[in-house]
Structure formats: structure tokens, C-alpha cells
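Here is a quick tour of the model shown below. Keep the sequence and the 3D view open side by side while you read.

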Amino acid sequence: MTDIAAQIPPRARRVVELGVSRERAGEAFLRIQPQAEYFGVVSDQEEMKEASLFLTHVFCATPETLDFEAMGLYEADVLIIRENFLEGLTGARLRKWCEVLTAEGLVLMEVPNACYIRPYLEQLAGKKPGKLHGFTAGEVREILQEAGLFLLHAQGRFDSERDQELRQSEANKALLQNLQVFTNLLGGENTQERNPWLKSFFFKAARKALQDEDKLLVQTVLGETIVTPRVRIVDPGKFLSTEAGVTAALVGKDEKAARALAAQFQKKIFIRQRISFNSAPQAFTTLEVLRRDGYLILGEIDDNPQAFMKPGDVSCLSYMGTHAMQVSTEPLAEILRQYNPHVQVIRNQLTRLPEKRDYEAERQARLAKGEDYVTFFFGALNRTEEWQQVMPIINEAARKYGSRLRFKVLSDRGFFESLATEYKEYIGNEKMYGGQFVPYHMYEKALGSSDISFLPLRDNAFNRTKSDLKFIESAGYGAVAIASPTVYEATLRDGRTGFIYRSPQEFKAQLELLVENRERRLETADAAYNYVKRERLLANHYQERLMWYRELIARREELDKEMVMRLKEWQSRHPEAFVKKKEDKA
């Protein structure tokens, strides 16, 4: 089934859901956008009681008695219509409901398919068929049209795992092919869907017509697939795709499919994420193809490239040969502006606000087992020199507090082995990336069950360009940071939302304070959590990215001329890079 919460534009401040879902879409969306008001309308008092536990407002009504004005509802950004409010739906009724929406408002519906095949198959098998209900895709389109709505997106969704199995077995594939033949012979509706008999339908419609020139495609090819794509590309892309006319997609191995998608858009962006060219001819050929296809070319990087570059290195063409660059920090932007003046800082944010921790409940659960302890978390690579400086202090604390201080370590096996305590846990599967990386949900779980997060960064040119993401994650999951001043002092308020240590002695004092003073620890964790909730959620920033993209598209011709000039200048300075080398004779 469709994840409705992921279809709601995160900018939405007022959402109305008719027929609250068992999946608790409202609860999920309020994690993404906690500043929103989420109104649920249910049909009975029992449902109202349950929905009141996780929604901001709940009303009781039926499709026949629904009255938004009486509820004090107005100017909603999104109207979601669930199955029990779809029965008997007409264009006139939907038009009336849409009066609650703003001019830019959206309607989201997941509609049961009236042509769903399973009841018919059950009848053929001699079983009593299930209930037949729902609409055909064509009927829904007619209702939307009568309501004055403009269809933005229509998609079929498999109703269950059993239906996915049905379409995959060889015998059933033949059955479905024959059904398509019969449907065509009978003049059946063309849903533009493969196997439409196994699906429900998802529809997204708008009150305002969408013009072709308003559509925007953002395609990204990834150079690094393990660590950075989620926060830098994937999650922002999902948010962008909730906006009318915007499609964000990753370019995989199927280049034909990527080109077919691109052909549907007049305005399109191609992002090269952490990818360096191997040679000048390769760079110039690739860029010429992208320019010819009408793309605005962006580069994405979140580490200092100079740490890996050599004099005359063609990898600089990855920055010069773009219309603009997007990076995670201002120090990194300053470096990239040496190669390209058009660099935008897009800070890292949390995709959703984690559930606020109940520290007292956690403590009571430990006390029930006869335990009471504080957990110290460390999960970073390439920090050996930093942690070696304070490891004697950490081990001194481990001896002093014994079972009261426990450790969770991710990524750095050397740190784990250096801990002189039995109260430690290494998180990671040695068979997966040598234990250095874990699925993000495991990282979240470890942070969300820790009290202190250790964030050391040595002061050097490479580290100064890093982002504060680890502090933001620690704050969101309720672990108080003890951090170095490098990077973190720009965000973390020392003594308020975390602690900055500038010497081993300060580190020792802060660690002892957080282990011994529970009240101060919880006060700091609360302040940090509220900072993230207020200022560092992606829902409140992704539109800035979209506005920048649209501004770049409007300036593409100007930016293209500048890019060509940069490349020509580089070519004139490095003619040797275009001379084909002779192969060595054996």
C-alpha cells in the first residue's frame, strides 16, 4: 500500500485526513513536520479516542455530515481521503470538500480497485467471493475532473504480498496475459498499468493546473553509495518529489529508462555526486552530451577535494565543468569557489524528528533488572589520533564507575579494543564492510539508547570542511555530545546543548559531570532536542533547495556560457591532457 505520509509535501502546515489510517500516517508526518496541524476526521467515537492519541485535532463525522466550517477548518494544504470516506463519492461532493483547500492545495487518495481480481478467482475456485467495492481508475479520473481538480499523478499499487506472488509465478503470468487479451477484446479501460487487476490506485490531484514548463526533473548519478546519499540526495529527493511537477530520481544502470524519463521534461537537472573524471577527453565528452540533452549540470560533494588532488589533476574538471556546485558547509564552499563561483551551501538536516525519549521509563526498566548505568557512544572512522589523546581518561572513568558506565562502539575496532572494561558492545557485522558501516537503523538504535555521544575532530584543513551532522543526529536521538571545537563549536552551545572540550582536562570534567549529574544531562539533552526540532529538520529547508534549482534553470544560458569559458581556459593551459598517449611496446 502507499505510504501516504511520504506523499504529503513536508512544507504543509495544515493537513486534513478523512478516515484516519491504521498505519497512522498523521503520526508519521508529524515526525517529518512537527510544526504542522494534522486534523483527523473519523466516523465513530472509538476511532476518535484512538486517533486523539497521535493527531493534533480529531473530529467525528460521516461523508454525509462532514462540515468543515462547523469544525473551524480552513485553508488546508492537503486533503487525504481514505477508503471509508470514498463510498458514494461524487464529483460534486469532492468539489465541496475541496473548498477547505488553499489555491495550491493537493488531494491524495488511495482507492480500492473495483476490478480487483482475487474475489473473481475465489469464485472460480468454488469459494464465496469477498466484498466487491471501489472504483475503476477511469471513474476516479471522472470524479476528479467533475470536482475541478487536475490530476498530477496516478499509480497502481499491489494490494498484498500474495498479489505480488500471483504476478510472478509462471502459471499466473499466463493467466494475467490472457486476462489482458480478454480485456482488450471487450473494449476494457486502458489504465496504462500492467496487471491492473491486482492493484489499488493512488491518485494525487491539485486545484491548480500544472503547465509543462512548470515540471522539473532532478536526476542524480551516485559516486558513493554507502554513507552520504541518504542525507545529501535520497531523502531530499523524496521531499522534492512531493511538490507538484517535481520528479527526483536516481540514475541506475538502465540508461535507456533514464533517457526516456528525461525526454518528458523541458527543465531538467543532472547531479554528479562525488564523481571525478578520469581524463580530460572523458570530461569534455560527458559534459557535451549533458549540455546537448538540455541539462543543467550540478556537482555535489561533502568532503574537501584538495585532500585527494594533485597538481594538474583532471578531477578539478568535476567542479569547473558544472553550472553550479552544492556542498554541505561554508568552508567547503570557499574551497570550491576557486574552481566555480556558483557554489551553494545546503546544510545537512534530519529527515524526521525522532520520538522524544522517556528517560525515566528507560531508567525504571533498568532498575527493574537491578541495573542503573550511563551509556557512552562512539561511532566514527579515522579519529584514532583524536581518541588516543583522551583514551587514558576514558579508561580511568571506566575503572572508577565500573558497571555504571557502559560503552557502545560503531565503526572503530581500535577504539573498542582499547577500552579497558568488560562493559562494552561493538555494533557491526564484520562480514559487512569489515564492520565499519551498519544499516542506518542500527546506528539510530545505538544512538537512541545512549546517553553520551563522543564527537572528536582534530583541527586540520580536511576536518574543518566537515558538517555538524553527527551532533544533529546525537541531539535528535537524545545523546548529549562531548565534542571538539572543530566544526561543532559553530552549532553546539557549550554547556547548553552539549559540551565542547579543548583539553583532556576539560574532557575529564565534562565526562564526570554527565555520568554523575543526571539532572544536568537530561536538561542538556532536552535543549539539544528542541534545537533540532526548531531549526534542523529537512521539512523546513528543502524548499530553499528547490527555489535555488529553479533560479539556476532560469539562468542556464548565462551559466552555460561561463562554464564553457572555464573549460576552454583550462584546456588552453593543459593541452597535454588531450594528447593521446602511445601504448608502451612489449
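Which residues line the largest cavity? They are Val-231, Arg-232, Pro-236, Arg-347, Asn-348, Gln-349, Thr-351, Leu-538 and Arg-545.

## Before you dig in

This is a predicted model, where local features need pLDDT of at least 70 and side-chain atom pairs count only at pLDDT 80 or more, while totals for chains, interfaces and linings use all residues. Residues are numbered from 1 along each chain as its sequence is written, and side-chain values use heavy atoms, with hydrogens and water left out.

A word on labels: helices (H or I, at least four residues) and strands (E, at least two) are DSSP runs, numbered from the N terminus.

## The largest cavity

Back to that cavity. It has a volume of about 40 Å³, and the count for the model comes to four cavities of 30 Å³ or more. A cavity here is a set of points, on a 1 Å grid over the protein atoms alone, where a 1.4 Å probe fits but cannot get out; lining residues have an atom within 4 Å of a point. Grid points are joined across faces, edges and corners, and the volume is the space filled by probe spheres set on the points.

Helix α9 gives the most to the lining of the largest cavity, with three residues. By class, that lining has three nonpolar, three polar and three charged residues. For the classes, Ala, Val, Leu, Ile, Met, Phe, Trp, Tyr, Cys and Pro count as nonpolar, Asp, Glu, Lys and Arg as charged, and the others, Gly among them, as polar.

## The sheet around β8

Helix α9 (residues 229–240) also turns up in a right-handed β-α-β unit, together with β8 and β9. Right-handed means that, with the strands pointing away from the viewer, the path from the first strand over the helix to the second runs clockwise. Strand β8 (residues 216–222) is largely enclosed by the rest of the structure, because five of its seven residues are buried. Buried stands for under 20% relative accessible area, exposed for over 50%, and partly exposed for in between (1.4 Å probe, protein chains only).

β8 has parallel partners in β10 and β9. Seven bridges join β8 to β10 (residues 267–273), and Leu-222 stands opposite Gln-273 there. Five bridges link β8 with β9 (residues 246–250); in β9, Thr-220 has Leu-250 as its bridge partner, and Gln-219 stands opposite Ala-249. Two strands count as paired if DSSP finds at least two bridges between them. The open sheet has six strands in the order β9-β8-β10-β11-β12-β13, with parallel pairing. β9 and β13 (343–345) stand at the edges, each with a single partner strand, so one side of each is left without a neighbour in the sheet. Neighbouring strands of this sheet are turned by 25 degrees against each other on average, direction ignored. The axes behind that angle are lines fitted to C-alpha atoms, for helices over the stretch in contact, and angles run from 0 to 180 degrees between N-to-C directions.

## The sheet around β15

Strand β15 (residues 405–410) is mostly covered, with five of its six residues buried. Six bridges join it to β14 (residues 374–379) in parallel, and Phe-378 has Val-409 as its bridge partner. With β16 (residues 424–427), β15 pairs in the parallel sense over four bridges; in β16, Leu-410 is partnered by Ile-427. The chain crosses from β15 through helix α16 (residues 413–418) to β16, and this β-α-β crossover is right-handed.

β14, helix α15 (residues 384–401) and β15 make a right-handed β-α-β unit too. Here the open sheet of six strands runs β16-β15-β14-β17-β18-β19, with parallel pairing. β16 and β19 (499–500) are at the edges, each with a single partner strand, so one side of each is left without a neighbour in the sheet.

## Residues worth a click

Most residues other than glycine have a negative phi. Arg-24, in the loop between β1 (14–18) and α1 (25–32), has a positive phi near 55 degrees. Arg-24 is partly exposed, with a relative accessible area of 27%. Val-487 also has a positive phi, of about 75 degrees, and lies in the loop between β18 (480–483) and β19. Val-487 is buried, at 17% relative accessible area.

Lys-204 lies in strand β7 (residues 199–206) and is buried, with a relative accessible area of 5%. Lys-204 and Glu-110 are 94 residues apart in sequence and 8.9 Å apart in space, C-alpha to C-alpha.

Notes. On a 1 Å grid over the protein atoms alone, a cavity is a set of points where a 1.4 Å probe fits but cannot get out, and a pocket is an open set with protein on both sides within 12 Å along at least five of seven lines; lining residues have an atom within 4 Å of a point.
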